[in-house]
Amino acid sequence: MRKFFKAVAVVTLFSVCEKFLGFLYRIYLSRSIGAEGVGTYQVALSVFGFLFTLIASGTPITLSRLMTKYRAENREEKVAKAITAAITYTLLIAVPVCLICYILGDNLSFLFADKRSLKVFFVLLPGLIFTSVYSVLRGVFWGNKDFLPYSIIELLEEICMIVVGIIVITFMHDKTNGALGAGIAVITSYALSFTLATVVFFLRKNRLANPKSEFKPIICASAPITAMRTVNSLAISLVSVVLPHRLIAAGFTEAQTMSLFGSAAGQAIPLLFIPTTLIGSFTLVLIPEISENYYRNKAHYLKNDVEKAIKFTSVLTCFFIPVFFVCGKQIGIIIFDSADCGEYLTASAFLMLFMGLSNITTSILNSMGCEVQTLLFCVAGGVLMLASIWFLPAYVGIYALLIGFSFVYVITTVLNLFLLRKKCPVKPKVVKYLLSAAAITLPTVLLGAMAEKLLTDYLGIFFTFFVCSCIMCTFYGMLAFGFNLIGFEIVKGKAKNFLFKKPQKT
């Protein structure tokens, strides 16, 4: 257990540093190239992300799960074969996709409402090979429970992107070139992470072997996950393509459309993923444990791990909801100088709980071999997402995106929880905890709203945000302790053991 929490602490530390730097960089981008430039860059990045998802998104978790499974079955010789099969399979798809895109050239312009995004996309495209292979090596690190090199490489990738981005964008003269500069920074960082991961892979005594016998297991196991994430990514990419067209059809100008899309997709939504990002390090370490307990038929440990993951996700996410709901306007203005972003944050705050739960439960189910079921759940939500962005922009504008995301995350969360109860031999008990964690956000929001009204005229935007956030987080924490959502007994027991521990005999 000590080793588990040490791994969580290491991954969390590096992850927080990485995401914080990325957060600062996003602020820099928003202020240097504007919401319109961010929108141009975000559309290109979304299409690139779809291609990456199509090629390699299911491979890392599949490879790590197969490595865990083979070792649980004492078949170590199959590990190197699975690694080689995953790398070969990825390259056989990534290289032809890149060549086809370059051959098609300007014929791909139909994918982009703003043709400037096509130029950014072609700058990003070679990075598809680098990041696809790196994703497989990342799966190797996960399967080996070797989280330190992975964490360091991710941090160095982020630093590289930021440094190169600032240098390149500084010498650009308009928003379009600024978006191109951001694309150059991304591909440079991908090349770095690929190089470092390859070096570390061999330094850690990993090896390659004849992959022939492992192609089928890799493809069969990764295909449902890749399909699920492809559906999700396709939905996001289609949003980037369809939503701007639908907003223009609803009467918005091209400039207004890219600005609104940049404020929502490029500024607000990444902020909504902050809790999920923080949960990611916990998930990264816990998922191999869940997979191992599942394949070794350790039902009690499996139940405890599932409960631990879901409870941690819900209570951490709910800490953020009151802050974003009450202070969304202040956050948007302080960070991005965008009132539109702030309004979107406020409207989307309660969605964060379902975003976190959907992410953690999908990861758990995939580690237990339920890839096909999670794919079907994702497809159901994706269909409703696309219907929302097609029919609703004429009535609610950019908020059609929020409604679509709500369909995706609420549906997958509910269906995932039902499936988890079915798959676990000892049923996890989480529903009461989830309802309690969500319920105590309501009085916290009311307290925060009253404080915000009283303080805004006296303290200004920044200090109102700071004071109200502290009040709400403290109040929510007190309620969580009061309703036993955060175990006071554990803290009390640890303190008692420390203060009254008997000396060991020599």
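## Close-up views

**Legend 1. Thr59 touches Ala86, Tyr89, Thr90, Val136, Ser222 and Thr226, setting aside residues up to four places away in sequence.** Touching, or contact, means heavy atoms within 4.5 Å. Thr59 sits in helix H2, which covers residues 59-72; helices here are DSSP runs (H or I, at least four residues), and strands are E runs of at least two, numbered from the N terminus. With a relative accessible area of 0%, Thr59 is buried. The cut-offs for that word are these: buried is under 20% relative accessible area, exposed is over 50%, and partly exposed lies in between, with a 1.4 Å probe and protein chains only. A note before zooming further: this is a predicted model, where local features need pLDDT of at least 70, side-chain atom pairs count only at pLDDT 80 or more, and totals for chains, interfaces and linings use all residues. Residues are numbered from 1 along each chain as its sequence is written, and side-chain values use heavy atoms, with hydrogens and water left out.

**Legend 2. Helix H2 from end to end.** The 14 residues of H2 reach 20 Å from first C-alpha to last, close to the 20 Å expected at 1.5 Å a residue; the expected span is 1.5 Å times one less than the number of residues. H2 is mostly covered, with eleven of its 14 residues buried. Among them are Thr59, Pro60, Ile61, Arg65 and Tyr70. Just past the helix, Asn74 takes a positive phi of about 60 degrees.

Legend 3. Most residues other than glycine have a negative phi, and most peptide bonds are trans. You'll find Lys145 in the loop between helix H5 (127-143) and helix H6 (147-170). Lys145 counts as partly exposed, at 35% relative accessibility. Asn297 counts as exposed, at 70% relative accessibility.

**Legend 4. Gln330, a residue of helix H11.** At 4% relative accessibility, Gln330 counts as buried. Leaving out residues up to four places away in sequence, Gln330 touches Glu452, Thr456, Ile461, Thr464 and Phe465.

**Legend 5. Helix H13, and the glycine just after it.** H13 takes in residues 351-367; at 1.5 Å a residue, its 17 residues should span 24 Å, and its end C-alpha atoms are 25 Å apart, which agrees. The helix is mostly covered, as 15 of its 17 residues are buried. Just after H13 comes Gly369, with a positive phi of about 85 degrees.

**Legend 6. Ile389 in helix H14 (residues 371-391).** Ile389 is buried, and its relative accessible area is 0%. Not counting residues up to four places away in sequence, Ile389 touches Leu238, Val239, Val242, Leu243, Arg246, Ala400 and Leu401. For scale, Ile389 and Glu371 are 18 residues apart in sequence and 27 Å apart in space, C-alpha to C-alpha.

**Legend 7. Leu485, in the loop between helix H18 (441-482) and helix H19 (488-499).** Ala197 lies 40 Å from Leu485, C-alpha to C-alpha, and 288 residues from it in sequence.

**Legend 8. Stepping back to the whole chain.** The protein chain has 19 helices and zero strands. Its radius of gyration is 23 Å, close to the 23 Å that the globule rule gives for 506 residues, so the chain is as compact as a globular protein of that length; the radius is taken over C-alpha atoms, and the rule is 2.2 Å times the number of residues to the power 0.38. The C-alpha trace spans about 75 × 65 × 45 Å along its principal axes. Of the 506 residues, 53% count as buried. Among contacts with a separation of 6 or more, residues 24 or more positions apart account for 83%.
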